[in-house]
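Please examine the sequence and the three-dimensional structure shown below. The paragraphs that follow proceed from a sheet to the charged pairs.

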Amino acid sequence: MKPDDDLGRLLHDRFDPVLVEPIPARLQMRRPAWIGHARAAAVLAAGIAIGLALPFTWRGAPQTGPVASAGAPALPVRAARAHVVYAVEVRHPVEVDASQQEHLVAWLSKRLGTKLKAPALTAEGFELLGGRLLPGPEGPVAQFMYQEGAGRRLTLYVSSRAKGEGQTAFRFAQEGAVSVFYWIDGNWGYALSGEIDRATLSRISTSVYRQLNP
Amino acid sequence: MDYEQVVVYIPNLRRYARALVGDRHAADDLVQDTLERAVRKFHLWRPGDLRAWLFSVMHNVFVNQLKSRRIPPSAELDENFAGATTPGWVTDVRDLERGLALLSAEQREVLLMVSLEDMTYEQVSRALGVPMGTVMSRLSRAREKLRRHMDGEPERTDLKVVK
């Protein structure tokens, strides 16, 4: 192994634990003020506001998806963005890899306060890579990542239901290149995201749903 | 500005800041100032690489903090950490921390953006506002200095990083 890789690994060993530390209250942005600033900035720069608004606009499902009352983006939007951020990571797509699956599921279950399951998608051609913990508007969120061979990745995003989000059956949303199937079951929202065609994603979502509700 | 979009990067900003300035509170001060500045300057962001933009905001805040001496120019990593699992690890980490503290702030920024944040040279160049050549030369100097420091420990016998 090259010394540069050793150095990188050592840096990750030392500082990656910071990623999963609870975020101190002073850094948890006060959402209303934040959005207020954003609106003000957007109004000030009207031309840019259009540019800003575009990526957040729901194509294909205008305003039909659940919208959290506090102003946080709806479940499929959050899931798709988390997918975009982490699915492209080459070296660190997950915090805990699938070789420690039991530990991973126990850890995420503990942090979310519910009993989670990492569905097996081997039959669909996807292997579990691992998972990570993310911050969400209603508390921690779990993200499981799957990979098909050396190629496409899928993420399963599990978040507690936001205020104002009602139960939903399967719904489909498209955020840029990312397709999302999502549903809200009890107090939990689930979203399966991937840059993958709708039919395939639908089939896999059904499998996920069945495994979570045997 | 979209809350959720920025929130996903807070863990990254914190990890990087911790490695950059060492002290936990000083690091979170840096993150907090960065987030506040990002809100004020958000109209300057063009939809694109939000992470690189946030790091460029943090760089500017960091430089200002250095100028006003709110943080010392060399990092002091003195906190306790959990997770030491193998015997060689603690000494490696201590060497790493001392070595990081020996680097200039500029070298530390480049090294951490590349080796810890996995940013490309181009992203680092944009975040720091310096040419790619400068990024590469700072990086190689930083790596060399750090490696020399870590190799130079007389009591060390095994330099291999134990996972």
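In chain A, 2 bridges join strand 1 to strand 2 (residues 127-136), and these two strands run antiparallel. Helices (H or I, at least four residues) and strands (E, at least two) are DSSP runs, numbered from the N terminus, and two strands pair if DSSP finds at least two bridges between them. This is a predicted model, in which local features need pLDDT of at least 70 and side-chain atom pairs count only at pLDDT 80 or more, while totals for chains, interfaces and linings use all residues. Residues are numbered from 1 along each chain as its sequence is written, chains are lettered from A and ligands numbered from 1 in the order in which they are written, and side-chain values use heavy atoms, with hydrogens and water left out.

Both strands belong to an open sheet of 7 strands in chain A, with antiparallel pairing and the order 1-2-3-4-7-6-5. Strand 1 (96-97) and strand 5 (168-175) of chain A are its edge strands, each pairing on one side only. Within strand 2 of chain A, Gly130(A) stands opposite Asp97(A).

Two helices of chain A may be considered next. Helix 6 (residues 101-112) of chain A packs on the sheet and touches several strands, including strand 1 and strand 2 of chain A; its direction makes about 20° with that of strand 2 of chain A. Contact means heavy atoms within 4.5 Å; axes are lines fitted to C-alpha atoms, for helices over the stretch in contact, and angles run from 0 to 180 degrees between N-to-C directions. Helix 7 (residues 198-212) of chain A lies across strand 4, strand 5, strand 6 (178-185) and strand 7 of chain A, at about 25° to strand 6 of chain A.

How many salt bridges does the structure hold over all chains? There are 12, a salt bridge being a side-chain nitrogen of Lys or Arg within 4 Å of a carboxyl oxygen of Asp or Glu. One of them links Asp16(A) with Arg15(B), whose closest N and O atoms are 2.6 Å apart. This pair joins two chains, because Asp16(A) lies in the loop between helix 1 and helix 2 (17-20) of chain A and Arg15(B) in helix 2 of chain B. Is Arg15(B) buried or exposed? Arg15(B) counts as buried because its relative accessibility is 5%, where buried means under 20% relative accessible area, exposed over 50%, and partly exposed in between (1.4 Å probe, protein chains only). Asp16(A), at 21%, is partly exposed.
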